[in-house]
Protein chains: 2
Amino acid sequence: MYPIITISREFGSGGHTIGKMVSEKLGVPFYDSEIVDQVAKRSGYTKAVINEQGEYTDKLTKWFSVTVPSAMYFENPQDEIFKAQRRVILDCAEQGPCVIVGRCADDILDQEGYNTMNVFIHADMDHRIARVLERYGDTDVDVRKRLERKDRNRKTYYKYYTDREWGKYTNYQLNLDSGYLGIDQCVNIIVDTAKAIDARTREE
Amino acid sequence: MYPIITISREFGSGGHTIGKMVSEKLGVPFYDSEIVDQVAKRSGYTKAVINEQGEYTDKLTKWFSVTVPSAMYFENPQDEIFKAQRRVILDCAEQGPCVIVGRCADDILDQEGYNTMNVFIHADMDHRIARVLERYGDTDVDVRKRLERKDRNRKTYYKYYTDREWGKYTNYQLNLDSGYLGIDQCVNIIVDTAKAIDARTREE
């Protein structure tokens, strides 16, 4: 059986594209924005809010919400969204092998004892800037600063909800530089490895 | 052309074995203890001293050697060995594609603009303890503590001579968990990727 493949990624590193291609080659479901759709249905929050709050933490917002008296809120919206996302991710995993992008899926599934292959995709800044400009077109925003902020907020979010360090090698079975390797070779490595794991589990 | 492949590794993760197998499959030279032989010839230090001082730094020794008046020594032996190792590594790289294990080869070659593929091999503690016991037999030493000390000293050595963080994803194109993937799949990933890079450079 293929493992469940989780993909964490630096912004602009092509992690979404790689995950999509892997799922197509292996013939297993792919979950990225699909998770947002499900969370929207279950939580009542809009997709825009979920996209913003479901993977990114601005440290100041977080600190504010922690330091104000908790009685002021029923629950922090970010915590509510995290819990809804967690339930959706566990439901996806329950269906069998699949590819899940982001949203602390690696830690959530590890905690529940699933057989996961956790992948981290990164690339140097020049490759990521080129990729973002190619995908989203030229903008007035300073792309480098935007990438750095996105990464920082993903890292903070991941640390807050998992107590793990984002990108640290001990958390991943494969950690790939898509800028050097290219998207296709990243896909090949993940697909070949999933097949090797599948073959090994059949032998056992 | 194949890239020069550098392999950094946690102690007991099988990095030496993986490097050796990769070099045989690609038909390129393999440098690990061969570097020690060359350094011994050039520096006059014994292999035992080079093995001990050429990849490991005990922080206290380092601090001591830094805080005593430098006039007391012509040169710190560890610095002398590092410089001799550096020259040997550059000579190896100059011969063409090869596999080099440890000794900050990734940073030394990157600084000089070589086309390297830097690989980091790690594994969870249980896999590493099992591997060390299998290779070196049962000992009175606490294997876990020995592994932790070896890693800590490699990390300190690497940081001191490269100012990079050992194991950090930004320094490596491939970062592989040999405990999960197995030695053979690590070898396959590195060999297939070297071939893909070779094919790409031929097209360009």
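Analyst: **A loop position and the sheet around it**

R103(A) sits in the loop that lies between β3 and α6 (105-111) of chain A. The model is a predicted one. R103(A) has a positive phi of about 60°, although this residue is not a glycine. Is R103(A) buried or exposed? R103(A) counts as buried, because it has 28 C-beta neighbours inside 10 Å, where 20 or more are needed.

The counterpart in the other chain can be described in turn. R103(B) is placed in the loop between β3 (99-101) and α6 (105-111) of chain B. Its phi is near 60°, again a positive value in a residue other than glycine. R103(B) is buried, with 28 other C-beta atoms within 10 Å.

The relation between the chains comes next. A rotation of 180° with 0.0 Å of shift along its axis superposes chain A on chain B, with an RMSD of 0.0 Å. That is the relation of a two-fold axis. Among the residues of chain A, N175(A) comes closest to this axis, at 2.4 Å for its C-alpha. The two copies use the same surface, as 100% of the contact residues of chain A recur in chain B.

At the contact itself, 19 residues of chain A meet 19 residues of chain B. On the side of chain A that touches chain B, β4 (116-122), β5 (174-177), α9 (178-181) and α10 (183-203) each supply at least two residues. The most comes from α10(A), which gives six. Sorted by class, that side of chain A holds nine nonpolar, eight polar and two charged residues.

Strands also cross the contact. β5(A) is joined to β5(B) by three bridges, and the two strands run antiparallel. Within this pairing, L176(A) stands opposite L174(B). Strands of a sheet pair through backbone hydrogen bonds, either parallel or antiparallel.

What is the order of the strands in the open sheet? Ten strands follow one another as β2(A)-β3(A)-β1(A)-β4(A)-β5(A)-β5(B)-β4(B)-β1(B)-β3(B)-β2(B), and the pairing is mixed. The edges are β2 (30-31) of chain A and β2 (30-31) of chain B; each has a single partner strand, so one side of each is left without a neighbour in the sheet. Helix α1 (residues 15-26) of chain A packs on the sheet, where it touches β1 (4-9), β2, β3 (99-101) and β4 of chain A. The direction of α1(A) makes about 170° with that of β3(A).

Now to β4, seen in chain B. Strand β4(B), residues 116-122, is largely enclosed by the rest of the structure, because seven of its seven residues are buried. In a regular strand the side chains alternate between the two faces of the sheet. In β4(B) both faces are covered: T116(B), N118(B), F120(B) and H122(B) are buried on one side, and M117(B), V119(B) and I121(B) are buried on the other.

β4(B) has paired strands to describe as well. It pairs with β1(B), residues 4-9, in the parallel sense over six bridges, and F120(B) is the bridge partner of S8(B). With β5(B), the parallel pairing of β4(B) runs over four bridges. There, I121(B) stands opposite L176(B).

Leaving aside residues up to four places away in sequence, V119(A) touches I5(A), T6(A), I7(A), Y172(A), L174(A), L176(A) and I190(A).

One further position in chain B has another setting. Y161(B) is found in helix α8 (residues 143-162). Y161(B) and D32(B) are 129 residues apart in sequence, and their C-alpha atoms are 19 Å apart in space.

Key. Residues numbered from 1 in each chain as written. Chains lettered and ligands numbered in written order. Predicted model: local features only at pLDDT ≥ 70, side-chain atom pairs only at ≥ 80, totals over all residues. Contact = placed C-beta atoms within 7 Å. Nonpolar A, V, L, I, M, F, W, Y, C, P; charged D, E, K, R; others polar. Pairing = 2+ DSSP bridges. Axes fitted to C-alpha atoms, helices over the stretch in contact; angles between N-to-C directions. Buried ≥ 20, exposed ≤ 12 C-beta atoms within 10 Å, placed from the backbone. Least-squares fit on C-alpha atoms with pLDDT ≥ 70 in both.
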